[in-house]
Amino acid sequence: MVDEATKRTLAQIPLLKTKAGPRDGELWVERLKEEYQSLIKYVQNNKEADNDWFRLESNKEGTRWFGKCWFIHELLKYEFDVEFDIPVTYPTTAPEIALPELDGKTAKMYRGGKICMTDHFKPLWARNVPKFGISHAMSLGY
């Protein structure tokens, strides 16, 4: 299901506690704080492992996320926009991460460049609600 390297990476990302989505007022604010703390730790871990591969930011409400991700192959850097919205039913429903520039270019990309994460990702996410967050989604989608 999930390889050992991915398990090690996930184990180093802080788990979240607050089960709240965008419609949950102050609980959502608390969840966003946890999301940012988890993302900061994940990015720090990536930098320490020389695996820095994305930047994200959100709108004021924390419901729309966007940024850049990149991949270096044979000394060439390929950079792509990354974006996703937080579903109303989050964290029960995982965000659908999209790389719009790759829309339709591979079998793993769907409408709007959304990454196929159904077979392995969704059951894993469902078992880990509300502990998994944006940083976990980015890690599993990588």
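Select α4 and show what surrounds its buried residues: they pack against α1 (4–11), α2 (26–48), β1 (54–58), β2 (64–73), β3 (76–85) and α3 (121–127). Contact here means heavy atoms within 4.5 Å. Residues are numbered from 1 along each chain as its sequence is written. This is a predicted model, in which local features need pLDDT of at least 70, side-chain atom pairs count only at pLDDT 80 or more, and totals for chains, interfaces and linings use all residues, while side-chain values use heavy atoms, with hydrogens and water left out.

Next, colour residues 134–141, the span of α4. Which residues of α4 are buried? They are Ile134, Ser135, His136, Ala137, Met138 and Ser139. Buried means under 20% relative accessible area, exposed over 50%, partly exposed in between (1.4 Å probe, protein chains only). Because 6 of the 8 residues of α4 are buried, this helix is largely enclosed by the rest of the structure.

Now switch to a cartoon of the whole chain. It shows 4 helices and 5 strands, in the order α-α-β-β-β-β-β-α-α from the N terminus on. Helices (H or I, at least four residues) and strands (E, at least two) are DSSP runs, numbered from the N terminus.

Finally, zoom out. The C-alpha atoms fill a box of roughly 45 × 35 × 30 Å, taken along the principal axes. Of the 142 residues in the chain, 41% are buried. Among contacts between residues at least 6 apart in sequence, 45% join residues at least 24 apart.
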